[in-house]
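The sequence and structure are shown first, followed by the account.

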Amino acid sequence: TQSKSFEALEHKFSEKEDVFCFKTSGVVARTVLWLTGEHEFKRAIKKVKNVRLITIPRSHFSQNRVSVSGFKKVLARDTYEEIFELREGKDRVSIYLQSIRDSDLNRYLILIDNPEEVVAVEIKGYIDLEVLGQQDDDLAYKL
């Protein structure tokens, strides 16, 4: 199941023109990473159950009288915590975490906001941040 906030976003925009929605299992995500040679990332997401993605043209937000900052408030009410934000020019990437009660799984929401579109990716499962950290250390060493 998806979070209430992602469900609300999907419900609001999925029938609009130029909106792209996608859902896949963790197996498919790991296979794609394996095929691209990203074996460390594949190990980090070995407990991912499903991935959902929606891309929404920025113009749809103003047409529907909603905003990205308003959606971020919905995320907070849905018990998502912002754990990372990166800004570069007009682009903003935010990562949120929602712990799932009575489970070792989490929900991660990646929100990519730029002048052309808004992309939301929700991942249910467990991402091993230590393995990803090792990947960053290896990359820094190679540079």
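With a relative accessibility of 30%, Glu85 counts as partly exposed. The model is a predicted one, and every value given here is computed from it.

Arg87, at 54% relative accessibility, counts as exposed. Through shared partners, Lys72, Glu85 and Arg87 are joined into one network.

The structure holds 3 salt bridges, tabulated below.

| Salt bridge | N to O distance |
|---|---|
| Arg58 and Asp113 | 2.1 Å |

In the pair formed by Arg58 and Asp113, the side chains meet in a salt bridge. Here too, distant parts of the chain are linked: Arg58 belongs to helix H4 and Asp113 to strand S5, 55 residues apart. Arg58 is partly exposed at 27% relative accessibility, whereas Asp113 is buried, with a relative accessible area of 12%.

Strand S3 (residues 81-88) also contains Ile83, which is partly exposed, with a relative accessible area of 46%. Ile83, Phe84 and Leu86 make up a nonpolar surface patch, and together they have about 270 Å² of accessible area.

Helix H1 (residues 4-13) has Ser5, Phe6, Leu9 and Phe13 buried. Viewed down the axis of H1, these buried residues fall within an arc of 100°, so they line one face of the helix. Lys4 and His11, on the other side of H1, are exposed. The packing partners of the buried H1 residues are strand S2 (50-57), helix H4 (58-63), helix H5 (68-77), strand S5 (106-113) and strand S6 (117-125).

There are 2 aromatic pairs. Phe13 and Phe61 form a tilted pair, 4.8 Å centre to centre with 35° between the planes. The pair links helix H1, which holds Phe13, to helix H4, which holds Phe61, the two residues being 48 apart. Both Phe13 and Phe61 are buried. Phe20 and Phe22 form a stacked pair, 6.2 Å centre to centre with 15° between the planes. Phe20 is partly exposed at a relative accessible area of 45%, and Phe22 counts as partly exposed at 43% relative accessibility.

Terms used: Residues are numbered from 1 along each chain as its sequence is written. This is a predicted model: local features need pLDDT of at least 70, side-chain atom pairs count only at pLDDT 80 or more; totals for chains, interfaces and linings use all residues. Side-chain values use heavy atoms; hydrogens and water are left out. Patches are made of residues with over 30% relative accessible area and no salt bridge: like charges are joined within 9 Å, nonpolar side chains (Val, Leu, Ile, Met, Phe, Trp, Tyr) within 5 Å. Accessible areas come from the Shrake-Rupley method with a 1.4 Å probe; for residues, only the protein chains shown count as cover. A salt bridge is a side-chain nitrogen of Lys or Arg within 4 Å of a carboxyl oxygen of Asp or Glu. Helices (H or I, at least four residues) and strands (E, at least two) are DSSP runs, numbered from the N terminus. Buried means under 20% relative accessible area, exposed over 50%, partly exposed in between (1.4 Å probe, protein chains only). The arc is that of the directions from the helix axis to the C-beta atoms. Contact means heavy atoms within 4.5 Å. Rings of Phe, Tyr and Trp (its six-membered ring) pair if their centres lie within 6.5 Å; planes under 30 degrees apart count as stacked, over 60 as edge-to-face and the rest as tilted.
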